[in-house]
Amino acid sequence: MQRNRWIRPLGWLAAGILCVATARSSFANDLNWKLSTALDYESGKFGIDTRSSSLYIPVTLKRYWGDWNASLTLPYLSQSSNGQVTNVGGRSARTGRGPSSTVTTTHSGLGDAVVRGGYALLREDPKPFDLSLTEKIKLPTADKDKGLGTGKFDEGLGLEFGKRIGPGWTLLADLYYTIIGDPPGTDLKNQVAVDFGFSYPLQKDLTLTVLFEASNALVSGEPAPRDLRGILDYKLGERIGLFGGGLVGLSHGSPDYGFNLGGSCRF
């Protein structure tokens, strides 16, 4: 019943994004649409005795026009957990506390849809650096009874910073604040998340990005997530891109490890 309730609003939302993009088409150049997908796998104990794992496969349609962009992400999710770890906005996080069960169950289905918008506040050349403002809304389309989501809306704002600091080297730093919806019987903390690192072209069409990521825990008193992520991006011409990478957890609040593979197409 919950999924059926969200089919019509999602249709309206997708139609709204399409109408906005079409209305602004006079400002567009070629290749202003981007379709991407990935396979993201994460596994960890999150400070408890039972291991949890997730397979997250998002499909994202993104539209660019001028300094603006908007996207809609619809994911497939398979989550194995003892009930204390839930997917929140595409990442596994501990949302329960107290004694943990040794029984792990696996559920699969539609994850939470995410609507995202962005605006480029500054662009380097002739500005001193790149700075973008982003906003996102997580729609509770996942089945909370199966542990695939919290069943609540999340809303967030962020700033994304980039600065070229030498031949090929780009310094990256992001800051996000997200209002987390509380499921019945829980008190999840709003989340402040930061990441910083660099990108560097290893070859003409191959770029390495390394990021340190950190945020506060959603449950008071639990370990805060900390991890290190590496990503390789490879361009197959102007339209096609491939990427892959890995994640290593640096605290009990993060997955122990993870990897992702994906690709994108501009049209």
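This is a predicted model: local features need pLDDT of at least 70, side-chain atom pairs count only at pLDDT 80 or more; totals for chains, interfaces and linings use all residues.
Mentor: Residues are numbered from 1 along each chain as its sequence is written, and side-chain values use heavy atoms, with hydrogens and water left out.

Trainee: Why is Thr 170 called buried?

Mentor: Buried means under 20% relative accessible area, exposed over 50%, and partly exposed in between (1.4 Å probe, protein chains only). Thr 170 has a relative accessible area of 18%, and therefore counts as buried.

Trainee: Why does Phe 212 count as partly exposed?

Mentor: The relative accessibility of Phe 212 is 25%, so the residue is classed as partly exposed. Phe 212 belongs to strand S12, residues 206-215; strands (E, at least two residues) are DSSP runs, numbered from the N terminus.

Trainee: What makes Arg 229 and Glu 213 a salt bridge?

Mentor: A salt bridge is a side-chain nitrogen of Lys or Arg within 4 Å of a carboxyl oxygen of Asp or Glu. For Arg 229 and Glu 213 the N to O distance is 3.1 Å, so by that definition the pair qualifies. Arg 229 lies in strand S13 and Glu 213 in strand S12, so the pair ties together parts that are 16 residues apart in sequence. Arg 229 is buried at 17% relative accessibility, as is Glu 213 at 14%. Salt bridges that share partners join Glu 42, Arg 91, Glu 213, Asp 227 and Arg 229 into one network.

Trainee: Which parts does the salt bridge between Arg 94 and Glu 222 tie together?

Mentor: The side chains of Arg 94 and Glu 222 meet at 3.0 Å, N to O. Arg 94 lies in strand S5 (residues 91-94) and Glu 222 in the loop between S12 and strand S13 (226-236), so the pair links parts 128 residues apart in sequence. Both residues, Arg 94 and Glu 222, are buried.

Trainee: What makes a space a cavity, and how many of 30 Å³ or more does the structure hold?

Mentor: A cavity is a set of points, on a 1 Å grid over the protein atoms alone, where a 1.4 Å probe fits but cannot get out. The structure holds one cavity of 30 Å³ or more. Strands S8 (130-139), S9 (154-164) and S10 (170-179) each supply at least two residues of the lining of the largest cavity; lining residues have an atom within 4 Å of a point.

Terms used. Helices (H or I, at least four residues) and strands (E, at least two) are DSSP runs, numbered from the N terminus. On a 1 Å grid over the protein atoms alone, a cavity is a set of points where a 1.4 Å probe fits but cannot get out, and a pocket is an open set with protein on both sides within 12 Å along at least five of seven lines; lining residues have an atom within 4 Å of a point. Grid points are joined across faces, edges and corners, and a volume is the space filled by probe spheres set on the points.
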